[in-house]
Amino acid sequence: VNGNLNIKTPITRTGTGFIAFVVKGNITIDPSVGVDPTSTTPVVEGLYVSKGTFLTGSSVAGKEKFVGKGIFIAGNFSLERNLDALTPGNNALYPSELFIYDPQLLFLLPDAFRETSVTWQEVAP
């Protein structure tokens, strides 16, 4: 994506499905994309790479918690969720953002993601 990516609905994968976003700008999760504070069900899955900032978006009543499963890489992270906005004391009981590392994605990478460029050059001492 040559710009910003705004995610406004859940993105999940099934079986051996693979999804990746490589973004030049920011990745922003809409506040409505979330789950109940007690849940660990992912609402965003896949490989997300951003040169900019990954923003989780502020909380919305009933969908306060962000749960991401996969691999998340960014220049910066802005964790903006606040579980106390709806029920005071929830921040002390549950994480506002939960990132679950999914190493299976490394095995599902398409060939274009696996290629690395190496240049060997002999240099005079």
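Which residues have the most contacts inside the largest nonpolar core? They are I7, I27, I29, V44, Y48 and F54, in a core of 15 residues. A nonpolar core here is a set of buried Ala, Val, Leu, Ile, Met, Phe, Trp, Tyr and Cys residues joined through side-chain atoms within 4.5 Å. Buried means under 20% relative accessible area, exposed means over 50%, and partly exposed lies in between (1.4 Å probe, protein chains only). Two or more residues of this core come from each of β1 (5–7), β3 (27–29), β4 (44–55) and β5 (66–78). In soluble globular proteins, nonpolar side chains tend to be buried together.

The model is predicted: local features need pLDDT of at least 70, side-chain atom pairs count only at pLDDT 80 or more, and totals for chains, interfaces and linings use all residues. Residues are numbered from 1 along each chain as its sequence is written, and side-chain values use heavy atoms, with hydrogens and water left out.

The chain has three helices and six strands, in the order β-β-β-β-β-α-β-α-α along the sequence. These elements are DSSP runs numbered from the N terminus: helices are H or I with at least four residues, strands are E with at least two. The radius of gyration of the chain is 17 Å, while a compact globule of 125 residues would have a value near 14 Å. This radius is taken over C-alpha atoms, and the globule rule is 2.2 Å times the number of residues to the power 0.38. The C-alpha trace spans about 65 × 35 × 25 Å along its principal axes. Of the 125 residues, 34% count as buried.

Contact means heavy atoms within 4.5 Å. Among contacts between residues at least 6 apart in sequence, 65% join residues at least 24 apart.

| Residue | Residues in contact (heavy atoms within 4.5 Å) |
|---|---|
| I7 | I27, T28, I29, D30, V33, V44 and Y48 |
| T12 | P42, V43 and E45 |
| F99 | F54, T56, F66, G68, F72, F77 and L79 |

T12 lies in the loop between β1 and β2 (20–23). Its C-alpha is 5.8 Å from that of V44, and the two residues are 32 apart in sequence.

F99 belongs to strand β6 (residues 97–101). Is F99 buried or partly exposed? F99 is partly exposed, because its relative accessible area is 32%.

Key. Lists of a residue's contacts leave out its neighbours within four places in sequence.
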